[in-house]
Amino acid sequence: MRQEQFVTRYQHEWQQFEDWLQRRGDSARKVRGSLDPDLPGDETIPERYRRLCQHLALARRRGYSPQLVERLQQLMQRGHNLLYRTPPPRWQRAVEFLIADFPQLVRNQAAAMWVACALFVLPLVGIFVLLQYQPELIHLLLDPRQIAQMEKMYDPAADRLGRDSGTDWAMFGHYIMNNISIGLRTFASGLLAGIGTVLVLLFNGITIGAVAGHLQQVGFGDPFWRFVVGHAPFELTAIVIAGGAGLQLGLKLLAPGRKRRIDALVEGGIIGARLCLGVAFMLLVAAFIEAFWSSTAAVPAWGKYSVSAVLWVLVLLWLGRGGRGGGHAD
């Protein structure tokens with residue numbers, strides 16, 4: 001076979017392999033995000049690499065031009081470096097996921113996240129405002145035992161904020177179990193065609209708004225806000241993200257598009273599971289702050305609010321900018 005015929009036959013395959021290398025990253029660079037649908041899938045690359053090695057051997061044996069042999073040699077070497085390099089340690093992959101992959105995944109599901117935010121925040125704010133003008137409505141939202149418990153926990157005369165018993169470590173474990181269970185329930189209820197997630201978001205928004213509105217109205221607002229502002233940036237944002245994960249899962253079930261419903265549901269489940277890994281991390285951080293910082297009554301209000309402002313900025317920057325630049329792509 002003449003060189004011109006050889007190049008014409010396999011040029012497109014070589015170009016696809018080179019494009020895949022550039023997209024996946026040469027050396028240690030890795031580009032995140034979905035690949036171009038015109039590029040070969042990752043599962044086909046080992047076979048394509050073996051074919052490239054065969055093409056290189058043929059080019060050498062047949063005495064094709066040094067330029068062609070050099071090009072195939074470089075492609076082979078780059079493919080070898082990428083396919084056979086030592087994988088990064090697990091801790092490094094976990095850090096990369098949290099710093100870049102997770103916030104990018106949140107942004108990729110922006111529509112679902114904004115809907116979840118509205119379903120959670122609007123009832124919360126609405127109930128809070130309503131109770132400032134109609135305080136008696138609290139009895140339609142919470143039973144007397146819950147109201148008495150809330151007032152006891154946030155009594156301005158209490159030594160601790162937000163709780164009246166339990167060590168910091170014991171409460172840390174309690175908060176982890178409680179918060180993560182809420183997050184997982186918010187996501188998993190998306191299997192009910194998304195309706196379950198909608199109801200969970202509305203319920204949590206109404207409940208939190210009712211507690212905040214009542215305590216503010218009866219004069220217990222100061223201890224309440226000093227307690228919640230510390231862990232709110234991580235906890236409230238995590239609830240919204242879990243809600244967005246559940247909504248996208250429900251949408252995959254209701255509107256699978258050109259995919260089979262089961263395939264769309266599996267895809268939504270994978271996306272949701274990855275989002276829940278990040279949510280679990282956020283709720284773990286929130287539980288730590290809640291147990292060891294939020295309940296400390298000795299810190300003045302300005303200190304609590306200052307720390308909260310810094311944490312809100314960090315969370316928003318992380319979710320808004322994580323994974324951008326440096327070769328990353330949305």
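I began with a term: helices here are DSSP runs of H or I, at least four residues long, numbered from the N terminus. The model I looked at is predicted.

**Elements.** I counted 12 helices and 0 strands in the protein chain. I then read the order from the N terminus: α-α-α-α-α-α-α-α-α-α-α-α.

**Spread.** I looked up the radius of gyration next. For the protein chain it is 27 Å. The globule rule gives 20 Å for 330 residues, and 27 Å is well over that, so the chain is more spread out than a compact globule. I also noted the spans of the C-alpha trace along its principal axes: about 90 × 40 × 30 Å.

How many of the 330 residues count as buried? I found 42%. Residues 24 or more positions apart account for 78% of them.

**Surface and charge.** I noted an accessible surface of about 17700 Å² for the protein chain. Carbon and sulfur atoms hold 64% of that surface. I listed 34 positive and 26 negative side chains. The centres of the two sets lie 9 Å apart.

**Helix α9.** I recalled a rule here: an α-helix has 3.6 residues a turn, so residues three or four places apart point the same way. Which residue did I note following α9 with a positive phi? I found Gly219, with phi near 95°.

Terms used:
Residues numbered from 1 in each chain as written. Predicted model: local features only at pLDDT ≥ 70, side-chain atom pairs only at ≥ 80, totals over all residues. Heavy atoms only, no water. Helix = DSSP H or I, 4+ residues; strand = E, 2+ residues; numbered from the N terminus. Rg over C-alpha atoms; globule rule 2.2 N^0.38 Å. Buried < 20%, exposed > 50% of the residue type's maximum accessible area, 1.4 Å probe, protein only. Contact = heavy atoms within 4.5 Å. Areas by Shrake-Rupley, 256 points an atom, 1.4 Å probe, with all protein chains shown as cover. Lys, Arg positive; Asp, Glu negative; His and termini not counted. Charge placed at Lys NZ, Arg CZ, Asp CG, Glu CD.
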